[in-house]
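Try each task before reading its solution.

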Amino acid sequence: MLKSTIYGTVTRFDLARTLGGRGRYWTTAYLLDGLLIDSGCAHTARELSDALRAAPLTRLVNTHTHEDHIGANGLLQRQRAGLEIHAHPLALRVLADPRRQQPLHPYRRMFWGWPEPSLASPLSDEAWIETEDFRFQALYTPGHSPDHLCLYAPEQGWLFTGDLFVGGWDRAVREGYEIWQIIASLKRVAALPAAVMFPGSARIRENPKAELESKIAYLEEFGNKVLALHNKGWDVNAIVRALCGKPMFIELVTLGNFARRHLVLSYLGEYGNEA
Ligand SMILES: [Zn+2]
């Protein structure tokens with residue numbers, strides 16, 4: 001399922017696999033001035049390429065390599081000779097061989113699918129991407145994934161944040177997220193004089209600074225509570241029960257891969273030695 005909306009000179013594509021007549025677990029790509037930012041999931045690759053048929057597409061930047069942001073890379077690159085793809089240096093080997101480099105849990109295969117391989121060139125931190133009318137700076141913002149970056153257009157104040165910023169108040173994360181890195185990355189972009197924020201799945205925000213700052217404050221406060229209980233000797237399950245609210249449907253769907261306990265573990269930095 002694909003929905004496209006126009007925001008000034010930016011076209012927004014919301015993409016999701018259709019299951020039971022509904023789109024499930026939406027992801028967003030943006031097109032402006034021949035530049036595509038992210039490419040949705042494999043299940044919607046054909047729909048996106050059809051929607052882009054008349055578009056003068058010359059460049060694609062991936063904010064990170066999660067499969068719901070790179071799914072049409074391979075198809076678009078096969079269709080368009082000369083399409084340049086840019087990404088974080090750590091992203092390149094995942095893009096070149098997604099099946100081997102990024103094994104997917106069953107729920108990820110169901111909702112987003114296996115991306116086709118694609119070839120990209122590396123973007124340095126603070127490197128510029130220029131289109132005919134705009135220029136964007138790549139800003140490394142790890143935490144959601146090690147290869148995450150944001151794109152910032154200083155003249156317009158546009159900030160494309162991929163999955164760094166997700167709306168709402170998190171009480172669960174996927175295994176492997178680095179929450180303290182996410183907070184540091186949010187601080188990096190909150191310091192910019194951005195006028196509009198274009199997230200990788202949530203709604204577009206005008207004057208994003210206040211929202212970024214309240215998100216940072218929430219995550220830090222949550223982390224301080226986790227650490228305080230941990231220092232009192234509470235175990236992870238007790239902290240989850242005290243701070244993370246009721247069990248969540250997504251924990252069932254993902255067989256515990258996206259879960260409250262992973263948020264607590266991430267604050268405690270205990271990945272790799274979980275009991
Ligand atoms: Zn992601």
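**Exercise 1. Decide whether Arg-53 is buried or exposed, and do likewise for Arg-108.**

Step 1: Buried means under 20% relative accessible area, exposed means over 50%, and partly exposed is in between (1.4 Å probe, protein chains only).

Step 2: Arg-53 has 63% relative accessibility, so it counts as exposed. You'll find Arg-53 in the loop between helix H1 (45–51) and strand S5 (59–61). Helices (H or I, at least four residues) and strands (E, at least two) are DSSP runs, numbered from the N terminus.

Step 3: Arg-108 has a relative accessible area of 7%, so it is buried. Arg-108 belongs to helix H5 (residues 106–111).

A word on the model: it is predicted, so local features need pLDDT of at least 70 and side-chain atom pairs count only at pLDDT 80 or more, while totals for chains, interfaces and linings use all residues. Residues are numbered from 1 along each chain as its sequence is written, and side-chain values use heavy atoms, with hydrogens and water left out.

**Exercise 2. Find what surrounds Arg-108.**

Step 1: Look for a polar partner. The side chains of Arg-108 and Glu-67 are joined by a polar contact of 2.7 Å. (A polar contact is a pair of N or O atoms within 3.5 Å; within protein, one must be able to donate a hydrogen and the other to accept it, and residues adjacent in sequence count only if both atoms are side-chain atoms.)

Step 2: List the contacts, meaning heavy atoms within 4.5 Å. Skipping residues up to four places away in sequence, Arg-108 touches His-66, Glu-67, Gln-102, Pro-103, Gly-113 and Arg-174.

**Exercise 3. Work out how H6 and H10 meet.**

Step 1: Take the axes, which are lines fitted to C-alpha atoms, for helices over the stretch in contact, with angles running from 0 to 180 degrees between N-to-C directions. The axes of H6 and H10 come within 7 Å and cross at roughly 80 degrees.

Step 2: Name the arrangement. That angle makes H6 roughly perpendicular to H10 (under 35 degrees is roughly parallel, over 145 roughly antiparallel, 65 to 115 roughly perpendicular, and the rest oblique).

Step 3: Pick out the residues. H6 (179–190) brings Ile-179, Trp-180 and Ile-183, and H10 brings Leu-263, Ser-266 and Tyr-267.

Step 4: Sort them. The contact has 5 nonpolar residues, 1 polar and no charged.

**Exercise 4. Explain why H10 is described as largely enclosed.**

Step 1: Count. In H10, 8 of the 9 residues are buried, so the rest of the structure largely encloses this helix. Among the buried ones are Arg-260, His-262 and Val-264.

Step 2: See what covers them. The cover includes strand S12 (173–174), H6, H7, H8, helix H9 (249–253) and strand S15 (258–259).

Step 3: Check the end. Just after H10, Gly-269 has a positive phi of about 65 degrees.

**Exercise 5. Which residues other than glycine have a phi near 70 degrees?**

Step 1: Asp-38 is one of them, with a positive phi near 70 degrees. At 2% relative accessibility, Asp-38 is buried, and it sits in the loop between strand S4 (35–37) and H1.

Step 2: Glu-126 also has a positive phi near 70 degrees. Its loop runs between strand S7 (121–122) and strand S8 (128–130), and at 44% relative accessible area Glu-126 is partly exposed.

Note on methods
Ala, Val, Leu, Ile, Met, Phe, Trp, Tyr, Cys and Pro count as nonpolar, Asp, Glu, Lys and Arg as charged, and the others, Gly among them, as polar.
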